[in-house]
Amino acid sequence: MFRKKDWLIIAAVLLLAGGIALWQYLQLQNTAATDLVRIWVNGKVHSEYSLGLNQDVTVKQDNGCENVIHIGENGFFMLRSNCPNQLCIEQGEVTKDNYIHRHQGHHVICLPNRVDVELVLKDKPSSPSPEMMDSMDIPDI
Amino acid sequence: MNTKKITLLGIMLSMMLILGFVEKQFSLVPGVPGIKPGFSNIVLMFALYRMDTRSAGTLLLLKVLLSGLLFSGVNGMAYAFSGGILAFGIMFLFIRMRRLSLPVVSVSGAVMHMAGQIICSRFLMGSWVLAFQLPLLLVSAVVTGVLNGVITALVINALTKSKLSFLPGKAAKEVKNK
């Protein structure tokens, strides 16, 4: 059933998957989480919240879609949703520490309701900050 | 289009709908939209392989339309349509070329289905968020694609050997000529 050409194509697809995974990992490694949670609805910014207040945010849309997002101390998760597949609930919590290892990165996505909740990231400073330089022991010459 | 063909297409369409419905009842990887076995592609590939393009295209369009109306809604229909069209295109091309084996045809169909859905999400969600899942989706496309391709090849072989006369195409002609 399989010929050599077939295996080559399958290997190419798997290699592509590995390459993309590595690239994404390296991209996320270069970021740091902020305290800002941004909620997108229908591809537009709906609202922004700050971590640390332990609040339940309800996103109601005119078409009857309703999502409740719990925003806690260190992250957020989808608490309730009236979407048919409930995959957004299964996606679990995004925290400042775990977003590199999640399938959806720093997002929780509810496709049927078109809601996307994002933990806003910033670039990690590539050079050591002045405070770090101060604390380092550099011997006087 | 004769009665035999209409009946056969009806049976195939209901098989696709049932397979699609069963798949919606559980998620293979928790929380990841888009990962499913895609068994209805077995029926579609069979149609592409053994029947004419128009019948296969009709099956695809009706499956997307009815599955959307019955189960997943307009939003789901948009995703299924954009994925389905791309998958159909590449599988049509590869099957007509007759150079690649069915598992690879099926894998490329699965990859294009995924690509179509990610492009669709670009317009519905407003960003490429779904692209985060690309590596996982590609791996699952390979696994489910190979599985579906092998099953399709087995089904086609078994039905060709059995020489059932209800099949359009080669087998039916062979039987008629005898």
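This is a predicted model: local features need pLDDT of at least 70, side-chain atom pairs count only at pLDDT 80 or more; totals for chains, interfaces and linings use all residues.

Analyst: Helix H2 of chain B covers residues 40-50 and is mostly covered, with ten of its eleven residues buried. Among the buried ones are Ile42(B), Val43(B), Leu44(B), Met45(B) and Phe46(B). Ser40(B), Asn41(B) and Arg50(B) are buried too. A residue counts as buried if 20 or more other C-beta atoms lie within 10 Å of its own.

Now the chain around this helix. Chain B has six helices and zero strands. From the N terminus on, its elements run α-α-α-α-α-α. The radius of gyration of chain B is 17 Å, close to the 16 Å that the globule rule gives for 178 residues, so chain B is as compact as a globular protein of that length. Its C-alpha trace spans about 60 × 35 × 25 Å along the principal axes. Across the 178 residues of chain B, 42% count as buried. Take the contacts in chain B with a separation of 6 or more: 70% of them join residues 24 or more positions apart.

In chain B, 31 residues are in contact with 31 residues of chain A. H3, H4 and H5 of chain B are the elements that each give two or more residues to this side. H5(B) gives the largest share, eight residues. By type, the residues on this side of chain B divide into 21 nonpolar, ten polar and no charged.

Technical notes:
Residues are numbered from 1 along each chain as its sequence is written. Chains are lettered from A and ligands numbered from 1 in the order in which they are written. Helices (H or I, at least four residues) and strands (E, at least two) are DSSP runs, numbered from the N terminus. The radius of gyration is taken over C-alpha atoms; the globule rule is 2.2 Å times the number of residues to the power 0.38. A residue is buried if 20 or more other C-beta atoms lie within 10 Å of its own, exposed if 12 or fewer, and partly exposed in between; C-beta atoms are placed from the backbone. Two residues are in contact if their C-beta atoms, placed from the backbone, lie within 7 Å. Ala, Val, Leu, Ile, Met, Phe, Trp, Tyr, Cys and Pro count as nonpolar, Asp, Glu, Lys and Arg as charged, and the others, Gly among them, as polar.
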